[in-house]
Amino acid sequence: MTTAPSGLTGPMTAAAQQSDAVRTPRKPRGGAGRGTAWYRRLTPYYFLLVPVGLLLLLTYVPVLNMFWYSVTDWDGLDKTKNFVGLENFVDVFTEPANVRVFVVSLYYVVGSFVQMALALYFATILSFKVRFTNLWKGILFFPYLINGVAIGLIFLNFLKPGGGLDTVLMAAGLESLIQQWTGDPDVANYSLAAVSVWRYMGLNFVMFLGAIQSINAEIYEAAEIDGASRWQQFWHIILPSIRPIVGLSFILAISGALSVFEIPYVMTGGANGTETFVIRTIWTGFERSMVGLASAMAVVLLLIVLVITWIQRKVVPDEEVDLA
Amino acid sequence: MFPQKRRTRVLAVAAATTVLALTAACSGGGGGSQEANDDGEPAGSLTVLTWRTDLVEDGTFDDYVEQFKAKYPEVTDVKVEGITDYEGEVKTRMSTDDYGDVLAIPGSVTPDQYADFFEPLGTQEEIGAEYQWINDKSFEGQSYGIPVVGNVQGYVYNKRVWEEAGVTEFPDTPEAFLDALQKIKDHGVEVAPLYTNYKDGWPLSQWDGWLGAVTADPDWKNEIVESDTPWTADSDYGVVDGLIYQAVADGLTEADPTTTNWEESKRLLGTGQVATMVLGSWAIPQMQAAAEAAGEDPADIAYAPTPVKVDGTFHSVAGGDYNLGINVHSKNKATARAWIDWFNHESGFSESQAGLSPIIDGPVPAALEGFVSEVELITLNPAPEGKEALFGDIDKASGIVTTDPKFRQQTIDDARSGARTIEQIFDDLNAKWAEGRASVA
């Protein structure tokens, strides 16, 4: 028994040695054997040079610049930038107008829960046998493919007085429900959050559906033999299996709610109490000409998102995340 | 040679070149082809940045370029770049050296920054002997910009609608103005007697044109930088913002301000669905064109002064529109200067825009002759030496940012919801202003 392995390895080693022997004499002929190997090892890095170069140029350099601007009083134009320390960061939290915008984010946080519930509902239904599955999938995912600015413009016309929604309500005999969808300050944020849900639900839906479809079909079969209802299948099989994806969607939802921008910016420009943190940041940087303060706001937003991600990781430890 | 080695080197160079090429593609563009021509006769090529994209598209600028080249045959090429988001884009471009040869000075450049970006055109006295309204773009005795056209301020209205409602005289108090709007509303107007253009925002800043005319005080701006209470019942700001608040609270403006539309508003005024909009006189030709396009009589569009009489006369602040300046990095300053002078003297731009000529004693356009004969024009006094940037600094530090429509949108929000009274709004604005003053001082 003990000789067998060595007998088996013997020829292989010999062959390896032989091939080495065949190769080695060639190296000195080149005169730079070590050099060739050294360069060969570098080859993958050359391929990385372009993407990493672009990443550094277009992402990391601007972000580092932003950190620098955030401790200066730069107005976006001046030739000199004066260092002011942490003054801008104090202003971010002490100016009441800067803090108030976080309240608006709550509408979108609530909206994103609605969005996840809807997405989960549709994903579960479509994971069972349904007619025209692909058509429904297409319809549900389609809004996510449309550009955010286009969506803003579509809904601007849909929600304006006498626009699409009012016409539909009138045709249905529900005149009493007609409101100023973006004009009434009590309704405006709900309208905008609903548009946001309409847009992003498709993404959640596809993520959930993908996770659900990766569940082994035999488990359902076994469950059906055991007489489990559809609801029991959802509660005991589907939901536990896709927990990591739900957790991931949760982080994306919170950070998305804090950095809402396109839809309210296009539809109301942040007027009528719909100003979000990012709209205020843009305004501070470009209309108020305080690029230093605006950079500090951007840094704060970045930190908040990082903290939320960290908390989520601590609170909901993901045992088997293979997608994160 | 070692093929392996050489290939990797080639690859490295290629990769580095790609990165560089992409970078260069971002920062490249015009400016490189001009020959140096700092003084002497206008020659060579010139790049002009303009905010009037409409005039670039309809070929008006092509005519200007033809005429300019006919006068100065040595000039080989004039490239006109129309920029839609003029303020934002030019401001960003100004962090490079490449922002054309002749351009309009963006409003966000503060006076103490002029010399960093723009070539001095001459002393204030020299330029002031020929042109008016140059104080705005002067700093420490040097002038950096010359306005292309002068505007008067008041409001543009549909004469037919006003007369049908029985209002034939210019209202001479804010109350009379509100009464007139109420009469128009009672007589029946489809959209609103007064359109705010709240959604687009910037037209709300046009109300600032009334500042100074309310108290007929050419020093109003220099006085409020010394005051902790710019918003009072009879101050310039107080009358303007109070009037907006009252008009909205009385329901004299459009029902849903968040869905207004600027392009649409021109047609609404032309057809009489809207009776009044507060805009500078620059808006007259645009409104007339929209009325004509809608099949209405462009003569219905008329212009009225700020509804306040001081000592028995209406007043209106006359001032320059955008000012043309020369890029301090320009390689062709002589030609750039020739373009500015030619544009103001010979292009006929100001008359085509129904505006006053920036040249002293220049022609008054037909559309404004009546207005100018009834209304006393005021030119605002320059800020005292050393305080040129003070207004802007306080404005910024206070967080109000009067150059931006946001605070006025807030006033309209409050007027609609009744969340705050006008006194509470004024107290809040005054408190912020005082705070801004304290932090700047």
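**Cores and helix packing**

Modeller: M287(B) touches V156(B), K266(B), L269(B), G270(B) and I301(B), leaving aside residues up to four places away in sequence; contact requires C-beta atoms, placed from the backbone, within 7 Å. This is a predicted model, in which local features need pLDDT of at least 70, side-chain atom pairs count only at pLDDT 80 or more, and totals for chains, interfaces and linings use all residues. Residues are numbered from 1 along each chain as its sequence is written, while chains are lettered from A and ligands numbered from 1 in the order in which they are written.

Biologist: Which residues touch the most other members of the largest nonpolar core?

Modeller: They are V156(B), I184(B), V240(B), I244(B), M277(B) and M287(B), in a core of 73 residues. Such a core joins buried Ala, Val, Leu, Ile, Met, Phe, Trp, Tyr and Cys residues through C-beta atoms within 7 Å. Buried denotes 20 or more other C-beta atoms within 10 Å of a residue's own, exposed 12 or fewer, and partly exposed in between.

Biologist: Which helix gives the largest share of this core?

Modeller: Helix α11 of chain B, residues 236-249, supplies eight residues, the largest share. Helices are DSSP runs (H or I, at least four residues), numbered from the N terminus. A second, separate core has 42 residues, including M116(A) and F205(A).

Biologist: Turning to chain A, at what angle do α5(A) and α12(A) pack?

Modeller: Helix α5 (residues 96-127) and helix α12 (residues 243-258) of chain A pack at about 150°, with axes 8 Å apart. Axes are lines fitted to C-alpha atoms over the stretch in contact, and angles run from 0 to 180 degrees between N-to-C directions. The two helices are therefore roughly antiparallel, a label for angles over 145 degrees.

Biologist: Y200(A): buried or exposed?

Modeller: Y200(A), found in helix α9 of chain A, is buried because 24 other C-beta atoms lie within 10 Å. Y200(A) touches Q115(A) and Y144(A), again not counting residues up to four places away in sequence. The C-alpha atoms of Y200(A) and Y144(A) are 5.7 Å apart, although 56 residues separate the two along the chain.

Notes. Contact = placed C-beta atoms within 7 Å. Parallel < 35°, antiparallel > 145°, perpendicular 65-115°, else oblique.
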